[in-house]
Amino acid sequence: MKNLRIQLIFILAIFIATIGLISCVDAIEEEKFDFIQDTDIPDSNEGADLWVTGVYDGLSSMFRYNMFPNVYDMDCDYMTGPNWAFSSFGAGNFQGSEHTQSMWEQLYNLIHRANFALENIEKMSNISSAHRANVTGELNLIKGYAYFMLVRAFGEIPIWKHSVNSGIEDVNQPRQSIPNVYEHIIELLTYAEENTYKNTNGSFVEGRVSAGVAAALLSKVYMTIGSASMPSGIINVKGGIPMETDGAGNKFYTAHTLLSLNKELVAGYDEFDSNAYYKLAMDKAKQVIDGEYGSYDLLPYSSLWTQESKNKVEHMWSLQTISGDEKYGPQYPKSYFGTYDSEGYVISGKWYGMRDHWYKLFEESDLRVYEGVLHKWVTQNQNTFNGGSAYPGFGIWNDRVTNEEAPFDDGRTYYSTVGSSSYIAYLTKYSFVSDNGVDRQDANWPFMRFAEVLLIYAEAANEFYGGPTQDAFTAINRVRERCEATPFTLSGDNSIGNLISFRSAVIEERARELAAEGDRRWDLLRWGIYLKVMNAIGGFDEVGVNKIRAERHLLYPIPNTEINSSDAINENNPGW
């Protein structure tokens, strides 16, 4: 823990003002950021909030550079980008990667910040009982989130229940079994759901976590255990080889094929009862849906990702951001959507997006691709010769280019550069920013959305009852109907009326709805189909990213710096 110990000397770095503490980001002024010593923090509700603020700051620092969310998102079947931008990590070279090291160190840094804050809040005598319960609940939730991300990425991991500064625990902690880690996660999140304010409580502050977030995250934990511990089963996934070559040597994109896959029990989850955990996931998600933990709902798609919708009704927990700020302005919006000059031409960025096979999962009228994908753009270079780019090179958007129909009726010559590294479905969900001309933009990364709670319920109810219930249909169709997609039915053309077809529809709907939100890799892993889906691509995707994976890719390698400095961790994950 040598590197971690150095990072955790943050007693002097408790922030006076940060986005986690107030509801209106416009009220935050950059010059108000400052540092104080821990001895200056008052013994009061406000002082307890300062300790919590220091932990939220740790969460924000994770996303300051492009390690996050890339470490969550890059390694999956549907995401892609130019080879140089996807880096070695995106191609499966995890050993020694700064992405892998950052995930380990930043999440443990977050845990130790939370432990240190909890220890100092415990000493306070002048805070109200309700406020004490809420802030300790928030800190337990953040710890639960961090451990959940770590156990899915690294498998067996160490648990620290006290800060390094306390001296209570040996800083060299051994790795704990996966069941032990989940036992701790569930304990943390259960405490949080019982003690943290609901979002309907007058004392709740927008931008901070709530009882509803704790319950929603708990349902996701239960669902993950339920699927990972299922010993066998069939699930259908669309994928396969992205390109073929005709007799003349010309390459063309393929339609995806239906892969009927046998799921495998995920290593380390064999002690769990799959059906029991799916029951827990179903019940917990239903409680959130029914409003037992606060008020949540879906937003209209047209306003879902706007600045006005930040922290509202559907966005249960998001990264809090400030446009242009060096500390609280993350770089990922530029990577997904780009930076633009005053005339609307792309200056830089716009590197990461979704593959052609992902786009083909949708009906063309589905708002998630009709409005949720960038169909035309012009770079500064293209502007010099009156050109522009269009996506995709088929369907209604290609017809509009060919016929020079709106929005391609401005006299420019638009091209669908099929086969190039920019022939990508760029998402618009991170484009709703205050200023797209700066490198650090204020799109919010969603840690938990109400739409996902609906999909968790749909999956869990189907698995627990051995087939879809009417409530499960209602849940998944609420997500689809919001986007004007054709509702699923029990029978007929859009039928998913049995266990396997509904199971397959849910994981596909998650791929549609939660694209570029850091879920796809973990969905494939928890179902035990990651290697089969990745290798069915046949090597390289449409833009040349290596998607070949082996057994060792099932877990990220523990950073060598950790192994070399810890007396309690003597070997790495298999294959590393």
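Reader: Is Glu 509 buried or exposed?
Author: Glu 509 is buried, at 0% relative accessibility. Buried means under 20% relative accessible area, exposed over 50%, and partly exposed in between, with a 1.4 Å probe and protein chains only. This is a predicted model: local features need pLDDT of at least 70, side-chain atom pairs count only at pLDDT 80 or more, and totals for chains, interfaces and linings use all residues. Residues are numbered from 1 along each chain as its sequence is written, and side-chain values use heavy atoms, with hydrogens and water left out.

Reader: What does Glu 509 form a salt bridge with?
Author: Arg 512, with the closest N and O atoms 2.5 Å apart. A salt bridge here is a side-chain nitrogen of Lys or Arg within 4 Å of a carboxyl oxygen of Asp or Glu. Arg 512 is also buried, at 7%. Helices (H or I, at least four residues) and strands (E, at least two) are DSSP runs, numbered from the N terminus.

Reader: How many salt bridges in the whole structure?
Author: The search finds 40.

Reader: What about Arg 480, which residue does it pair with?
Author: Glu 363, at 3.4 Å between the closest N and O atoms. Arg 480 lies in helix 16 and Glu 363 in the loop between helix 11 and helix 12, so the pair ties together parts 117 residues apart in sequence. Arg 480 is buried at 4%, whereas Glu 363 is partly exposed at 30%.

Reader: And Arg 449, buried or exposed?
Author: Buried, as is Glu 517. Their side chains meet in a salt bridge at 2.8 Å, N to O.
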